[in-house]
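Have a look at the model below before reading on. The notes after it go through contacts and packing, one topic at a time.

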Amino acid sequence: YAMSSGKIAAEVCKEALEADDTSAFFLSKYQRLWKNDFGKEIKLCLFILKGLLERNSGEKYVRLLSGDTQIVDMVLTLLNNQGRLNEYQWKLVKRFVYIYCRDLLRL
């Protein structure tokens, strides 16, 4: 996200300088563009994290997630910028539900 937002910021700055318009309205294009690009992904992550951490200390989830090689592989792929969250979000959710239910049933 940092790389994408930096690219968007550079493009908007370039356009603003070329148009000789550095007004707040013109520069607000940056916010519209990054929200269109990956804003939903960030919102989803924050929603999930907030929900998990408010209900529990998070230790149980860290234990469950770190012990599952499929989850770890998907997260590492995302962290290494080899994939985008929108490609993996439902795979991650399904896998989490699976390991959470397995833990509840002690399978």
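What follows is a short tour of the core, the charged pairs, the aromatic rings and a surface patch.

Keep in mind that this is a predicted model.

**The core**

Let's start inside. The largest nonpolar core has eight residues: Leu64, Ile71, Met74, Leu78, Leu85, Tyr88, Leu92 and Ile99. Two elements, H5 and H6, each give two or more residues to this core, and H6 gives the most, with four. As a general point, nonpolar side chains in soluble globular proteins tend to be buried together.

**Charged pairs**

Opposite charges on side chains can pair when the charged atoms come close. How many salt bridges does the structure hold?

| Pair | N to O distance |
|---|---|
| Lys14 and Glu18 | 3.7 Å |
| Lys29 and Glu15 | 2.5 Å |
| Asp103 and Arg63 | 3.7 Å |

Take Lys14 and Glu18, whose salt bridge has its closest N and O atoms 3.7 Å apart. These two sit four residues apart in helix H1 (residues 2-18), so about one helical turn separates them. Both Lys14 and Glu18 are exposed.

The salt bridge between Lys29 and Glu15 comes in at 2.5 Å, N to O. Here Lys29 belongs to helix H3 (residues 29-55) and Glu15 to helix H1, so the pair ties together parts that are 14 residues apart in sequence. Lys29 is partly exposed because its relative accessibility is 26%, and Glu15 also counts as partly exposed, at 32%.

Then there's the salt bridge of Asp103 with Arg63, at 3.7 Å from N to O. It links distant parts of the chain, 40 residues apart: Asp103 is in helix H6 (residues 85-105) and Arg63 in helix H4 (residues 59-66). Is each partner buried or exposed, or something in between? Asp103 has 14% relative accessibility and therefore counts as buried. Arg63, with a relative accessible area of 49%, is partly exposed; the cut-off for exposed is over 50%.

**Aromatic rings**

Searching the whole structure turns up two aromatic pairs. One of them is Phe96 with Tyr100, a stacked pair with 5.9 Å from centre to centre and 25° between the planes. Why does this pair count as stacked? The angle of 25° falls in the stacked class because that class takes planes under 30 degrees apart.

Phe96 and Tyr100 are four residues apart in helix H6, so the separation is about one helical turn. Phe96 is buried, at 18% relative accessible area, while Tyr100 counts as partly exposed because its value is 26%. The cut-off for buried is under 20%.

Finally, the surface. Val72, Val75, Leu76 and Leu79 make a nonpolar patch of about 320 Å². Among them, Val75 lies in helix H5 (residues 69-79). Val75 is partly exposed because its relative accessible area is 33%.

Definitions and conventions
Residues numbered from 1 in each chain as written. Predicted model: local features only at pLDDT ≥ 70, side-chain atom pairs only at ≥ 80, totals over all residues. Heavy atoms only, no water. Patch = residues over 30% accessible without salt bridge, like charges linked within 9 Å, V, L, I, M, F, W, Y side chains within 5 Å. Areas by Shrake-Rupley, 256 points an atom, 1.4 Å probe, with all protein chains shown as cover. Salt bridge = Lys/Arg side-chain N within 4 Å of Asp/Glu carboxyl O. Buried < 20%, exposed > 50% of the residue type's maximum accessible area, 1.4 Å probe, protein only. Phe/Tyr/Trp six-rings, centres within 6.5 Å; stacked < 30°, edge-to-face > 60°. Core = buried A, V, L, I, M, F, W, Y, C linked by side-chain atoms within 4.5 Å.
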